[in-house]
Amino acid sequence: MVRFLLILPIVVALGGCVTPSLYQWGGYEEALYAGYKDPTKMEALRLKLEAHIAEMEKSAQKVAPGLYAELGTLYLQAGSSDKAISMYSRERDTWPESKGLMTAMIQNLERRQQARAEAAK
Amino acid sequence: MKIVSSALILAVLTGCVAQPVKQDMSAFHATAPRSILVVPTINKSLDVDAPNYVLAALPVPIANKGYYVFPVNTTKYVLEQEGFYEGERIHQMATPDLAKLFGADAVLYVSINRWDAQYAFITTVVTVEFDYRLVSKDGAEIWKESKRMQYQPQNNNSGSPIAMLVVAVVNAAVTRAAPNYMPLTRQANQEVFISGVNAIPDGPYRPASSKQ
């Protein structure tokens, strides 16, 4: 009975006034919060985003705004600029509004890679 | 569990109540932004962790309303690379410059006015309060809203006075150990962006069939 009373308001809330979610987020909000609370948990956010994006792509569903780019930035911070560029490109191809920022990020990373390659010659 | 269920009941009670004053949305409609840049928040509370926590809770409701929301952690990272670490400094930048840097149609500024738990005799009141401002890339304010949310564990009044006292003490102890800021913050954002009378209009990605 108690359990039922607890569930009832949830049902009412969902049916009453909550706009249905447009996207699946794969636990992004909670994992980002956890990462801000404890920076060692940013790794868990990366794993979560990787798994979620793979799942969305496998089932041909649109990935929510920003998720590719957030994963790209986590790669960048971990030093993998190739993987970051790949994610920024996917964000740009999925969401035209991100084009300016993503193109700038990609070009910046490519320039850095070229500079490093030339320095190594 | 008790806190979670109480918060839900509270959410139901306060979630759909219409507020009396309806804002003029003509400036918003004239701008019709497609993309929103959510920048790091300003903190006027005493909790140094609040700005990041609040930032994490903003993109999902705004994107679900139909807007492209720039990735908040990437935005924060880019601004830090430019030397901007503090929300206060970012909020002082000219909006057109900021919007241009990211290619955004509008910039959302959020300031945290309250984020605290006040302990009184056998009870605790948790309060969050935010100001929200949306400014177009031309620098014109197109929407604003404020929201305060409070949570106080409710004591069942069915038992004897001593039983009620015990329940109240336990509630206060649980609340004190883990103040319930995030459910309140999510609820504030839900009302401000989605269910409230002054919620922002549906964005371009919200299909017409699901418009309210």
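Tutor: Happy to! Strands E5 (residues 123–136) and E6 (residues 141–151) of chain B run antiparallel and are joined by ten bridges. To find one pairing by eye, go to B:Leu134, whose bridge partner in E6(B) is B:Trp143. Next, look at the turn: four residues lie between the two strands of this hairpin, and B:Gly139 has a positive phi there, near 100°. As you follow the strands, keep a general point in mind: side chains in a regular strand alternate between the two faces of the sheet.

Please remember that this is a predicted model. The predictor gives the complex an ipTM of 0.85 and a pTM of 0.84. For chain B, the mean pLDDT is 87, with 85% of the residues at 70 or more. Residues 7–13 of chain B fall below 50, although this stretch has 13 contacts in the model beyond near neighbours in sequence. Residues 15–19 of chain B also stay under 50 in pLDDT, and there the model has eleven contacts beyond four places in sequence. Where pLDDT is low, the predicted coordinates should not be read in detail.

Take B:Ile36 as an example: leaving out residues up to four places away in sequence, B:Ile36 touches B:Ile62, B:Tyr67, B:Val69, B:Ala104, B:Ala106 and B:Leu108.

B:Ala32 sits in the loop between helix H2 (26–31) and strand E1 (35–38) of chain B. B:Ala32 counts as partly exposed because 13 C-beta neighbours lie inside 10 Å.

Another glycine to visit is B:Gly83, which follows H5(B) and has a positive phi near 95°. In helix H5 itself (residues 72–81), the buried residues are B:Val72, B:Asn73, B:Thr74, B:Thr75, B:Lys76 and B:Leu79. In general, an α-helix has 3.6 residues a turn, so residues three or four places apart point the same way.

Further along chain B, B:Ala178 lies in the loop between helix H8 (161–177) and helix H9 (181–195). B:Ala178 counts as exposed because it has 10 C-beta neighbours inside 10 Å.

Finally, glance across at chain A, which has six helices and zero strands. Of its 121 residues, 31% count as buried. A:Ala60, in the loop between helix H3 (42–58) and helix H4 (67–77) of chain A, has a positive phi near 55°. A:Ala60 is exposed because 6 other C-beta atoms lie within 10 Å. A:Asn108, in helix H6 (residues 99–120) of chain A, is partly exposed because it has 15 C-beta neighbours inside 10 Å.

Notes: Residues numbered from 1 in each chain as written. Chains lettered and ligands numbered in written order. Predicted model: local features only at pLDDT ≥ 70, side-chain atom pairs only at ≥ 80, totals over all residues. Buried ≥ 20, exposed ≤ 12 C-beta atoms within 10 Å, placed from the backbone. Pairing = 2+ DSSP bridges. Contact = placed C-beta atoms within 7 Å. pLDDT = per-residue confidence, 0-100.
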